[in-house]
Amino acid sequence: MAASALVRGAPLLRLRLQHHHRFATGLLVPLRRSWCSTAESTPPEEDGVSLSTPAALSLRKAPKYSSWDDQNYRQWKDEEADIWRDIEPITQLAKEIIHSDRYMDGEQLTDEDEKVVAERLLAYHPNSDDKIGCGLDSIMVDRHPQFKNSRCLFVVRTDGGWIDFSYQKCLRAYIRSKYPTHAERFIKEHFKRGS
């Protein structure tokens, strides 16, 4: 009984070994050509893959997936972790200010929060000079004038005027200035809008 099971299982075992070999070599294509393509004259095949078909050529040239063994990938992951460690405190503070009940609509930030937001965010905004204008009186949280469901940070100028600013724009500019080599990749992977 066991011998007949082995004999019946031999083709299945051979098929599994062939599939494992194709998987290990990166060639996940059919083992044999389709029966209707035998009339075509094609160059010799290796492991059942025509060497001249575009699919086979693209499989042969397919890029390897990044892994911890790849030096560039490890450098990227280390740099990514450094960027996160750097921006996480200010990101968390900005989210807490905007999204919690810590501040009511129209309320000015405390001196401590304002100092951190001004130095770590507003200073890096691409248009910070225009935002501050005649001078910074304070920073407040309020509803956006056009998008009533959104709260955001506002610069309150010394002349009484006020204008919103995006903390995410500030963070992107900060990352670009401090981490120029990896900034675009980080922004593309971790920010909803990359601009």
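How many bridges pair strand β4 (residues 136-143) and β5, and in which sense? Strand β4 and β5 pair in the antiparallel sense over 7 bridges, where two strands are taken to pair if DSSP finds at least two bridges between them. The model is a predicted one, in which local features need pLDDT of at least 70 and side-chain atom pairs count only at pLDDT 80 or more, whereas totals for chains, interfaces and linings use all residues. Residues are numbered from 1 along each chain as its sequence is written, and side-chain values use heavy atoms, with hydrogens and water left out.

The chain has 7 helices and 6 strands, which follow one another from the N terminus in the order α-β-β-α-α-β-α-α-β-β-β-α-α; helices (H or I, at least four residues) and strands (E, at least two) are DSSP runs, numbered from the N terminus. Of the 195 residues of the chain, 30% count as buried, a term that denotes under 20% relative accessible area, with exposed over 50% and partly exposed in between (1.4 Å probe, protein chains only).

Four strands form an open sheet in the order β3-β4-β5-β6, with antiparallel pairing. Because β3 (107-108) and β6 stand at the edges, each with a single partner strand, one side of each is left without a neighbour in the sheet. Within the sheet, arginine 143 has arginine 151 of β5 as its bridge partner. Strand β5 (residues 151-157) is in turn joined to strand β6 (residues 162-165) by 4 bridges, the two running antiparallel, and leucine 153 has phenylalanine 165 in β6 as its bridge partner. These two strands, β5 and β6, form a hairpin with 4 residues between them, and glycine 160 in the turn has a positive phi of about 95°.

Helix α3 (residues 71-99) lies across β4 and β5, and runs at about 95° to β5; such angles run from 0 to 180 degrees between N-to-C directions, with axes fitted as lines to C-alpha atoms, for helices over the stretch in contact (heavy atoms within 4.5 Å).

At the start of helix α6, a side-chain oxygen of serine 166 reaches to within 3.3 Å of the backbone nitrogen of glutamine 168. The 12 residues of α6 (residues 167-178) should span 16 Å at 1.5 Å a residue, and the end C-alpha atoms of the helix are 16 Å apart, which agrees; the expected span is 1.5 Å times one less than the number of residues. The buried residues of α6 are Tyr167, Cys170, Leu171, Arg172, Ala173, Tyr174 and Ile175, and what covers them includes α3, α4 (111-120), β5, β6 and α7 (183-190).

Notes: A polar contact is a pair of N or O atoms within 3.5 Å; within protein, one must be able to donate a hydrogen and the other to accept it, and residues adjacent in sequence count only if both atoms are side-chain atoms.
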